[in-house]
Amino acid sequence: MTVDPNAATQGFRPPDPASRPGAARYLVPALVAGAVAVGLGVYGNTHDPQGTAFNLAGFSSTSAVKSWLATAAIGFAVVQVVSALMLYGRLPGPGWSGTLHRWSGRIAFLLAVPVAVHCLYALGYQTYEPRVLWHSLLGCFFFGAFSAKMLLLRSERLPGWLLPVVGGLVLSVLTVVWLTSALWFFRTFGVTT
């Protein structure tokens, strides 16, 4: 016997609303997000900053490396938004827009990790001016929100609005982190490598 995945489902009863998992299933991603954000903040605050964590040949400073990696991450995050709009049918897109969405997200995350490692290890959690305070707070929050989004992706029967909202939050926070670091660096020291 074969099953047609496109066949009508009139013979099947919808799931009983009482049997659906409640809001408790969202508690784990929220708790993980909080633990990641607080853990990074505590590490950055208690760790003795080392001044530098890495440098790449061809760049004038670690700040230039971080700024360019963060800018590339923002570029891939924009690809994430466009491909998500394709996936949700808001923009026309090719059949491989799901693959584009997954890989652009992976690349954006991989570009953001060395920036965060440098910030936490070399500079620590700093609060000496409002820009730096917001950058420190939101940098930790970004990785917490990203962790929650990754956990929610594995959940079944999510409300249709939840992933776009969490994804939008992740992008918004990443954008402010970029504005308070890379854009500030480029405006202060010029667009250099």
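Start by selecting R157: at 51% relative accessibility, this residue counts as exposed (exposed means over 50% relative accessible area, buried under 20%, and partly exposed in between, with a 1.4 Å probe and protein chains only). You'll find R157 in the loop between α4 and α5. Check its backbone too: R157 isn't a glycine, yet its phi is positive, about 55°.

Before going on, know that this is a predicted model, where local features need pLDDT of at least 70 and side-chain atom pairs count only at pLDDT 80 or more, while totals for chains, interfaces and linings use all residues. Residues are numbered from 1 along each chain as its sequence is written, and side-chain values use heavy atoms, with hydrogens and water left out.

**The whole chain**

Now zoom out and colour by secondary structure. How many helices and strands does the protein chain have? There are five helices and zero strands, so read along the sequence the pattern is α-α-α-α-α (helices are DSSP runs of H or I with at least four residues, strands are runs of E with at least two, numbered from the N terminus).

The protein chain exposes about 12,000 Å², and carbon and sulfur atoms supply 68% of that (areas come from the Shrake-Rupley method with a 1.4 Å probe; for residues, only the protein chains shown count as cover). Of the 193 residues, 31% count as buried. Look at the contacts as well (heavy atoms within 4.5 Å): among those with a separation of 6 or more, 73% are between residues 24 or more positions apart.

**Stop one: P29**

Select P29, in helix α1 (residues 24-46). P29 is buried, because its relative accessible area is 6%. Leaving aside neighbours within four places in sequence, P29 is in contact with A148, L151 and L152.

**Stop two: the largest pocket**

Rolling a probe the size of a water molecule over the atoms shows where empty space is left. Here a pocket is an open set of points on a 1 Å grid over the protein atoms alone, where a 1.4 Å probe fits, with protein on both sides within 12 Å along at least five of seven lines; lining residues have an atom within 4 Å of a point.

Select Q80, H101, K149, M150 and L153: of the 28 residues that line the largest pocket, these lie nearest its centre. The elements giving two or more residues to this lining are α2 (62-87), α3 (97-123), α4 and α5 (162-189). The space in the largest pocket is about 910 Å³ (the volume filled by probe spheres set on the points, with grid points joined across faces, edges and corners). Its lining divides into 17 nonpolar, six polar and five charged residues (Ala, Val, Leu, Ile, Met, Phe, Trp, Tyr, Cys and Pro count as nonpolar, Asp, Glu, Lys and Arg as charged, and the others, Gly among them, as polar).

Keep H101 selected. H101 lies in helix α3, and a relative accessible area of 16% is why this residue is buried. Beyond neighbours within four places in sequence, H101 is in contact with Q80, S83, A84, L87 and K149.

**Stop three: the second largest pocket**

This one holds about 670 Å³ of space. Select K66, C119, L123, H135 and S181, the closest to its centre of the 35 residues that line the second largest pocket. Which element gives the most to this lining? That's α5, with nine residues. By class, the lining has 22 nonpolar, 11 polar and two charged residues.

Now focus on H135, in helix α4 (residues 130-153). Is H135 buried or exposed? H135 is buried, with a relative accessible area of 16%. Not counting residues up to four places away in sequence, H135 touches C119, V177, T180 and S181.

**Last stop: the rings**

Show the aromatic side chains. The whole structure has eight aromatic pairs (rings of Phe, Tyr and Trp, using its six-membered ring, with centres within 6.5 Å; planes under 30 degrees apart are stacked, over 60 edge-to-face, the rest tilted). Pick F142 and F143: this pair is edge-to-face, with 4.8 Å centre to centre and 80° between the planes. F142 is buried at 6% relative accessible area, and F143 is buried at 14%.

Then select F185 and F186, whose ring centres are 5.9 Å apart with planes at 65°, so this pair is edge-to-face. Both residues are buried.
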